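Let's take a walk through this one together, starting inside one chain and ending where the chains meet. Have the viewer open as you read.

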Amino acid sequence: MAEVVPLSDAIERLVHDGDCVALEGFTHLIPFAAAHEIIRQGRTGLTLVRMTPDLIYDQLIGMGCAAKLVFSWGGNPGVGSLHRFRDAVREGTLHLEEHSHAGMANAYVAGASGLPFAVLRGYRGTDLPTVTDTIKPITCPFTGEELTAVPAINPDTGIVHAQRADRAGNVQLWGITGVQKEVVLASRRSLVTVEEVVDTLDPVPGAVVIPSWVVDYVAVAPGGSHPSYTQGYSVRDNAFYSAWDAISRDREKFLAWMSENVLEGSR
Amino acid sequence: MSPTSGEWTADEMMTIAAARRLTDGTACFVGIGLPSTAANLARRTHAPGLTLIYESGTIGAKPGRLPLSIGDGILAETADTVVSVPEIFNYWLQPGRIGVGFLGAAQIDRYGNINTTVIGDYADPKVRLPGAGGAPEIAASCGEVIVIVRQSRRAFVDRVDFVTSVGFGAGSGDRERLGLRGRGPRTVITDLGVLAPDPDTAELRVTHLHPGVTLEAAREATGWPLAAAPGLETTPAPTEAELRELRALVAATPGREGS
């Protein structure tokens with residue numbers, strides 16, 4: 001059963017130095033509030049997993065939380081580059097494990113399914129298998145076709161944001177659902193931050209419900225996806241995504257911004 | 001500033017030329033940026049029955065403005081259905097249900113291979129690019145691929161520094177050998193013209209030049225000896241209706257000054 005706790009308590013209990021942590025949300029429902037709490041608690045040496053390490057991981061990487069990144073597309077969507085990520089790559093301080101979206105999505109599915117690996121028709125002919133040793137050819141035992149295998153992703157902790165939960169910790173989310181369900185089920189422990197806790201979850205067309213008994217902690221974090229968005233609660237702050245380019249380009253400016261807006265931000 | 005030719009910019013010509021290649025009634029897997037602009041233009045002009053699919057899981061999106069990212073809420077709100085990311089790749093893309101994949105590129109080579117990973121050496125790159133995203137499997141599994149990219153010697157290289165997405169590999173027959181199911185990049189649209197693979201060698205050669213562009217200019221902007229297809233044509237200029245729709249689409253999109 002999920003326990004509803006303050007965000008800082010949840011992060012303190014779930015995220016330790018050197019852990020493998022996945023914060024997901026595909027453009028929508030990105031758990032920024034949880035990431036900011038990880039930064040405030042000063043975690044280091046994390047293996048960060050995320051299909052699209054956009055601003056949320058630029059911040060974690062720039063603040064020195066990450067040792068390794070498992071990802072499939074690293075940019076500021078619709079704007080350009082991630083400068084803290086690029087700097088870390090240039091300085092060689094961040095170990096990369098690089099995939100395609102299909103590879104990552106399937107690795108999460110394998111993780112959620114309790115399987116050691118996933119198989120897909122992908123990557124063949126690309127240079128990705130030459131730089132990522134978790135992409136291997138596999139022969140179909142029935143047809144002999146050559147396919148690709150990727151190992152399951154099973155993070156120590158999976159963190160997502162969602163619209164709401166009930167008091168028992170059942171979580172409801174809708175809109176672009178990305179790999180939200182998969183990362184919760186693939187992770188050994190999980191945290192869902194929500195806009196609100198309600199008495200009962202009213203049905204919503206197309207909504208996904210993640211039952212309380214597969215979630216460890218729920219924390220209320222209104223606006224916790226900002227500058228991404230929460231369908232039905234908030235819209236994406238596109239101006240912030242554009243502004244981030246200038247904030248993050250220079251390391252000192254970045255650190256000053258983080259200090260003012262995250263480290264000294266409300267807990 | 002984009003170079004102008006007559007009363008439209010080179011970027012507008014490129015976007016319109018790309019939109020024209022999308023046939024009504026097909027399903028199109030759309031990348032953000034120029035592909036998204038062209039696909040949305042096609043849906044608003046000659047191809048109202050075009051199904052736009054974005055990797056965020058939105059199928060049949062009908063946005064009234066350009067989406068600002070592949071997960072823009074307007075895509076989910078206007079879609080026929082929204083599915084999970086594993087589903088979009090496994091159920092919809094992988095089996096070959098999608099007719100056209102529409103991609104951009106940082107580098108493209110003479111065999112249509114695309115690089116969006118690094119410029120230079122992977123371990124010590126000159127430029128770290130965003131990476132693969134959905135592109136490798138889009139390039140492998142869609143019925144055919146249309147690439148839209150501005151033509152320059154930096155982008156049009158003899159051999160890409162990193163093969164993120166396979167075009168025709170090292171040449172004719174490579175896709176079949178690799179077991180890639182789609183027909184590959186049949187069309188490359190640039191701000192100078194249109195390229196297509198030579199039927200025998202699979203090397204990209206120019207089939208159309210946009211109005212006012214010379215073959216010399218196209219060759220100048222290409223990092224391999226660019227051949228012209230027999231019967232090299234001139235792209236028809238943008239129509240007033242096409243320009244009006246494109247500009248209306250861009251104007252409806254906050255923070256967008258171009259494509």
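**Around helix 8 of chain A**

Helices here are DSSP runs of H or I with at least four residues, strands are E runs of at least two, and both are numbered from the N terminus. Before going on, keep in mind that this is a predicted model, in which local features need pLDDT of at least 70 and side-chain atom pairs count only at pLDDT 80 or more, while totals for chains, interfaces and linings use all residues. As for bookkeeping, residues are numbered from 1 along each chain as its sequence is written, chains are lettered from A and ligands numbered from 1 in the order in which they are written, and side-chain values use heavy atoms, with hydrogens and water left out.

Which residues of helix 8 of chain A are buried? They are F240(A), Y241(A), W244(A), D245(A), I247(A) and S248(A), where buried means under 20% relative accessible area, exposed over 50% and partly exposed in between (1.4 Å probe, protein chains only).

Now look at helix 3 of chain A, which holds L60(A). L60(A) counts as buried because its relative accessibility is 0%. Setting aside neighbours within four places in sequence, L60(A) is in contact (heavy atoms within 4.5 Å) with L23(A), A35(A), I38(A), I39(A), L48(A), C65(A) and A66(A). R86(A) is 26 residues away along the chain from L60(A), and their C-alpha atoms are 13 Å apart.

Most residues other than glycine have a negative phi, and most peptide bonds are trans. Against that background, the bond from H226(A) to P227(A) is cis, with omega near 15°. You'll find P227(A) in the loop between strand 13 (217-220) and helix 8 of chain A.

Y123(A) is not a glycine, yet its phi is positive, near 70°. It sits in the loop between strand 6 (117-120) and helix 6 (128-131) of chain A, and Y123(A) counts as buried because its relative accessibility is 2%. Over in chain B, A202(B) also has a positive phi near 70°. Its loop joins strand 15 (193-197) and strand 16 (204-209) of chain B, and A202(B) is buried at a relative accessible area of 7%.

**Where the chains meet**

Finally, the interface: 42 residues of chain B are in contact with 43 residues of chain A. Together the two chains bury about 3400 Å², 59% of it on carbon and sulfur atoms; that figure is the accessible area (1.4 Å probe) that two parts lose on being put together, summed over both. On the chain B side, R128(B), P130(B) and E137(B) lose the most area to chain A, together 17% of what that side buries.

There is one salt bridge between chain B and chain A, meaning a side-chain nitrogen of Lys or Arg within 4 Å of a carboxyl oxygen of Asp or Glu. R128(B) makes a salt bridge with E98(A), with the closest N and O atoms 2.6 Å apart.
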